[in-house]
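Here are my notes on this model, as numbered points. Please read them beside the coordinates.

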Amino acid sequence: MSEKLPIMATLRRATYLVAQNRGDLLRVGLVFIIGFFAIGAIVINSLLPLVMTSEMGGSGPIAMDPRVPAGMLLTLVIEFLLFAVFAVGWHRVILLGTGSTGRGLGVQLGRRELRYFGRLWFCFVASFAIAFAVAFIEQFIGMATPASPQALVLGAEAAYLLASAYVLGRLGPSFAALSIDRRLTFRESWSATKGNGWRILAIY
């Protein structure tokens, strides 16, 4: 992408498309909202009591109920899958227009949504691994320098969040393309957004 992305024009166009398709967008988003709150209610009623019981187990080391990490992982997977269904629906409404989503509430779960979920999960795992590596390096820097640990942590977190948002912005077109059955790899998305990374970040 050699041309510079116009920030204000892009925002105006995005606002227009959202307003034009607000009915379909709300219909698709309704599933995500209901599902998100339903999962939250299940977590509060099922996992939270197990966590509290583990913490109140006595004066010795906390014995974590094995159902807690398994339940949290399952919850995370369901939330990612729900977001993938929602995001594909929104992308299709914006890029293809009315009638491009499924029947009823406009959402569906198929190969397209599962591929989107796979990419989301890959990005999450990679981000988690990078965050762990940054924290590991940060410990060595903290021991080797007289800098304030709090300031070091805040600086590292701010830099990590900014870098993550920048990278996800550059990779975003690959997710949009996948939603409308177009082939665009992470590498191709990174190449297509060359020179516009900070502009995409500002738009987001």
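1. Arg27 sits in helix α2, residues 22-55 (helices, H or I, at least four residues, and strands, E, at least two, are DSSP runs numbered from the N terminus). Arg27 is partly exposed, at 25% relative accessible area (buried is under 20%, exposed over 50%, partly exposed in between, with a 1.4 Å probe and protein chains only). Its C-alpha atom is separated by 9.7 Å from that of Gly89, 62 residues apart along the chain.

2. On provenance: this is a predicted model, where local features need pLDDT of at least 70, side-chain atom pairs count only at pLDDT 80 or more, and totals for chains, interfaces and linings use all residues. Residues are numbered from 1 along each chain as its sequence is written, and side-chain values use heavy atoms, with hydrogens and water left out.

3. How many salt bridges does a search of the whole structure find? The search finds four (a salt bridge is a side-chain nitrogen of Lys or Arg within 4 Å of a carboxyl oxygen of Asp or Glu). Arg92, Arg112, Glu113 and Asp181 are linked in a network of them.

4. Asp181 pairs with Arg92, with the closest N and O atoms 3.8 Å apart. Asp181 is in the loop between α5 and α6 (186-192) and Arg92 in helix α3, so this bridge ties together parts 89 residues apart in sequence. Arg92 counts as buried, at 11% relative accessibility.

5. Asp181 also meets Arg112 in a salt bridge, 3.0 Å from N to O. That pair links the α5-α6 loop to helix α4, 69 residues apart. Arg112 is buried, at 18%. Arg112 forms a salt bridge with Glu113 as well, at 3.8 Å between the closest N and O atoms. Glu113 is buried too.

6. The largest pocket has a volume of about 1,300 Å³ (a pocket is an open set of points on a 1 Å grid over the protein atoms alone, with protein on both sides within 12 Å along at least five of seven lines; lining residues have an atom within 4 Å of a point). Of its 31 lining residues, the closest to the centre are His91, Gly172, Pro173, Ala176 and Tyr204. By class, the lining has 25 nonpolar, five polar and one charged residues.

7. The second largest pocket holds about 380 Å³. Its lining has 16 residues, with Cys123, Phe124, Ser127, Ser164 and Leu168 nearest the centre. Helix α4 gives the most, seven residues.

Technical notes. On a 1 Å grid over the protein atoms alone, a cavity is a set of points where a 1.4 Å probe fits but cannot get out, and a pocket is an open set with protein on both sides within 12 Å along at least five of seven lines; lining residues have an atom within 4 Å of a point. Grid points are joined across faces, edges and corners, and a volume is the space filled by probe spheres set on the points. Ala, Val, Leu, Ile, Met, Phe, Trp, Tyr, Cys and Pro count as nonpolar, Asp, Glu, Lys and Arg as charged, and the others, Gly among them, as polar.
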